Amino acid sequence: IAAEDTIAEDLELKVNATKLYRYMEETLSDREKEIIYLRYGLTCKAMTQREVSRRLDISRSYVSRIEKKALDKLRRRFERGDVSPAVRVQR
């Protein structure tokens with residue numbers, strides 16, 4: 001039974017990871033995507049805001065603002081889910 005729980009959790013994680021990458025492409029600017037990829041190690045080892053700021057030659061506070069905005073966009077996109085706007089029920 002525990003193995004079945006793990007399989008279900010692994011499957012859910014893969015589905016959410018697939019959604020994350022798709023939502024990033026749909027929602028974020030190139031700069032926002034780059035910062036999220038670097039900060040969370042999606043293509044390489046995760047970097048600190050200071051490391052990202054040095055790499056992109058921008059201030060650490062600017063990295064922080066871009067990251068916060070990008071995460072907020074992704075959170076809102078996850079909340080909307082995959083229902084197309086034409087199918088949603090109007091309230």
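Reader: How many aromatic pairs does the structure hold?
Author: This predicted model holds 2 aromatic pairs.

Reader: Why is the pair of Tyr21 and Tyr37 called tilted?
Author: The ring centres lie 6.2 Å apart, within the 6.5 Å limit for a pair. The planes stand at 40°; stacked needs under 30 degrees and edge-to-face over 60, so the pair is tilted. Tyr21 belongs to helix H1 and Tyr37 to helix H2, 16 residues apart.

Reader: What makes Tyr37 count as buried?
Author: Tyr37 has 18% relative accessibility, and buried means under 20%, so Tyr37 counts as buried. Tyr21, at 33%, is partly exposed.

Reader: Why is the pair of Tyr23 and Phe78 called edge-to-face?
Author: The planes of Tyr23 and Phe78 meet at 75°, and the label requires over 60 degrees, so edge-to-face applies. The centres are 4.8 Å apart. Tyr23 is in helix H1 and Phe78 in helix H4, so the pair ties together parts 55 residues apart in sequence.

Reader: Are Tyr23 and Phe78 buried or partly exposed?
Author: Tyr23 is buried, with a relative accessible area of 0%. Phe78 has 33%, between the limits of 20% and 50%, so Phe78 is partly exposed.

Reader: Where does the charged end of Arg77 sit?
Author: The charged end of Arg77 sits over the ring of Tyr23, 4.0 Å from the centre. Arg39 lies over the face of Tyr40, 5.8 Å from the ring centre; the distance limit is 6 Å.

Conventions: Residues numbered from 1 in each chain as written. Predicted model: local features only at pLDDT ≥ 70, side-chain atom pairs only at ≥ 80, totals over all residues. Heavy atoms only, no water. Phe/Tyr/Trp six-rings, centres within 6.5 Å; stacked < 30°, edge-to-face > 60°. Helix = DSSP H or I, 4+ residues; strand = E, 2+ residues; numbered from the N terminus. Buried < 20%, exposed > 50% of the residue type's maximum accessible area, 1.4 Å probe, protein only. Lys NZ or Arg CZ within 6 Å of the ring centre and 35° of its normal.
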